[in-house]
Amino acid sequence: MFISFFSHAQREYFGGFDIGPKLDLYQLASGTKAYMPNMEVMNDMSAVAGLAGGVLVDNKFLIETGIFRSNFKTRLQLFDEIGRNYFYKDPVNTFDAYMIPVHFDFKLNSSNENWQFFAGLGFSTFIGSKISLQGIRVSGEEYIDPDQPELGFMQYTISGNELTGTIMAMNVNFKAWYSLNESLFFAFGVSGRYGTSGESLFDVNLVSPEGTSIRNTVYSSGNALQANIGFRVFFDTAQSN
């Protein structure tokens, strides 16, 4: 039925590009938790950019895909037993990948003829993933108390950075397009991703000022929030059968 509908529908093809910020949602998975809290995961912004293309069917239904370069990172902050923090927002780059989203969106009613709004669902697959952090990373040193250097310093290591399979995620999408002329649109979009398979994870090891060895695992299953701006150009190839 869907194939029959699509083959008889009016189809308008388009291409474009997007760029924008992405917030990857890493979280603390486990740890010895000898004292609480001992580490905080502070999610960080990264950039996404790439090409998009798709088809608008009967001016009602939008199918869009593309390929985007995306890097994944987070930030850490460590605490001692009395709450002093160390390595404030220390960045950790985990991996780079190409993201291929597929969106299925319905056109929403609009009282403004210059604006078109779409909302829907979809999924994203990450391919060509490359681990950014290889082997063991040793942090710098920070004194436990700068006024008492004889107390020693805090230091941590990161190891075990890996991907457990291909990361795939479900998407919830909202798009707003503003008409610059009959074929060119300024495009704005936001989306939320919920990971369904695969994980990015790494271990953080440290020794507390009291000499306690602590290990925590930080991971992301692909959950993220993303916004983008760009342009869409419709080609003069509208088809109907």
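This is a predicted model: local features need pLDDT of at least 70, side-chain atom pairs count only at pLDDT 80 or more; totals for chains, interfaces and linings use all residues.
**Exercise 1. Surface and burial**

*Solution.* Residues are numbered from 1 along each chain as its sequence is written, and side-chain values use heavy atoms, with hydrogens and water left out. Of the 241 residues, 44% count as buried (under 20% relative accessible area; exposed is over 50%, partly exposed in between; 1.4 Å probe, protein chains only).

**Exercise 2. The largest nonpolar core**

*Solution.* A nonpolar core is a set of buried Ala, Val, Leu, Ile, Met, Phe, Trp, Tyr and Cys residues joined through side-chain atoms within 4.5 Å. The largest one has 27 residues, and those touching the most other members include Leu-76, Tyr-156 and Val-204. Next, list the elements that give two or more residues: β3, β4, β5, β6, β11, β14 and β15. Strands here are DSSP runs (E, at least two residues; helices are H or I, at least four), numbered from the N terminus. Beyond its neighbours within four places in sequence, Val-204 is in contact (heavy atoms within 4.5 Å) with residues including Met-39, Leu-76, Tyr-156 and Val-218.

**Exercise 3. A salt bridge between strands**

Locate the partners of the salt bridge between Asp-18 and Arg-232, and decide whether each is buried or exposed.

*Solution.* A salt bridge needs a side-chain nitrogen of Lys or Arg within 4 Å of a carboxyl oxygen of Asp or Glu. For Asp-18 and Arg-232 the N to O distance is 2.7 Å. Asp-18 is in strand β1 and Arg-232 in strand β16, 214 residues apart. Asp-18 is buried at 6% relative accessible area, and Arg-232 is buried at 3%.

**Exercise 4. The network**

Which residues are linked with Asp-18 and Arg-232 in a network of salt bridges?

*Solution.* Glu-64 forms a salt bridge with Lys-175, at 3.6 Å between the closest N and O atoms. Glu-64 lies in β5 and Lys-175 in β12, 111 residues apart. Glu-64 is buried at 5%, as is Lys-175 at 6%. The network links Asp-18 and Arg-232 with Glu-64, Asp-105 and Lys-175.
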